[in-house]
Amino acid sequence: MSAWRSALSSNVRELRIHLAQGANGSKGARDFIVKNYADLKAANPQLPILIREAPGIEARVFARYAFGVERKVSLENLSEADVESRLKQLAETKPSSA
């Protein structure tokens, strides 16, 4: 398991992933969730990780940091590896620089 996964909850207070259930643009996000959700949750049991599926929406992730600061990153049409890279960037963002 990557080091960023276990350090996710040190910077991020909540992670929300939005995706379309059957859309091709959400495939990478869906694949990442199916393969990695259990490990992410096991490494960060107190971190809320919310998965929201709705038809016709853009695949994206929201990270909420301290003091209510949020960042949004599009996951649309990304591969599973690219989704992981975007989540790693969010995990490594310090709350003061979000």
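**The cavity and its surroundings**

The largest cavity has a volume of about 30 Å³. A cavity here is a set of points, on a 1 Å grid over the protein atoms alone, where a 1.4 Å probe fits but cannot get out. Grid points are joined across faces, edges and corners, and the volume is the space filled by probe spheres set on the points. Rolling a probe the size of a water molecule over the atoms shows where empty space is left. The search of the whole structure returns 1 cavity of 30 Å³ or more. The model is predicted: local features need pLDDT of at least 70 and side-chain atom pairs count only at pLDDT 80 or more, while totals for chains, interfaces and linings use all residues. Residues are numbered from 1 along each chain as its sequence is written, and side-chain values use heavy atoms, with hydrogens and water left out.

Which residues line the largest cavity? They are Leu15, Ile17, Phe32, Ile33, Tyr37, Leu40, Ile49 and Ile51, where a lining residue has an atom within 4 Å of a point. Strand 1, helix 2 and strand 2 (49-53) each supply at least two residues of this lining. Helices (H or I, at least four residues) and strands (E, at least two) are DSSP runs, numbered from the N terminus. Helix 2 gives the largest share of the lining, 4 residues. By class, the lining has 8 nonpolar residues, no polar and no charged; Ala, Val, Leu, Ile, Met, Phe, Trp, Tyr, Cys and Pro count as nonpolar, Asp, Glu, Lys and Arg as charged, and the others, Gly among them, as polar.

Strand 1 also holds His18. His18 is buried, at a relative accessible area of 17%; buried means under 20%, exposed over 50% and partly exposed in between, with a 1.4 Å probe and protein chains only. Leaving aside residues up to four places away in sequence, His18 touches Arg52, Ile57, Glu58, Ala59, Arg60 and Phe62, a contact being heavy atoms within 4.5 Å.

Helix 3 comes next. Val83, Leu87, Leu90 and Ala91 are the buried residues of helix 3. Seen down the axis, these buried residues fall within an arc of 100 degrees, so they line one face of helix 3; the arc is that of the directions from the helix axis to the C-beta atoms. Their cover includes helix 1 (3-11), strand 1 (14-19), helix 2 (27-43), strand 3 (60-64) and strand 4 (70-74).

In the segment after helix 3 lies Thr93, which counts as buried at 10% relative accessibility. Thr93 and Asp39 are 54 residues apart in sequence, with 20 Å between their C-alpha atoms.

The loop between strand 3 and strand 4 contains Tyr65 and Phe67. Are these residues buried or exposed? Tyr65 is buried, at 0% relative accessibility, whereas Phe67 is exposed, at 84%. Phe67 has a phi near 60 degrees, a positive value in a residue other than glycine. Asn77, in the loop between strand 4 and helix 3, likewise has a positive phi near 60 degrees, and it counts as exposed at 61% relative accessibility.

Notes
1 Å grid on protein atoms, 1.4 Å probe; cavity = no way out; pocket = protein on both sides within 12 Å on 5 of 7 lines; lining within 4 Å.
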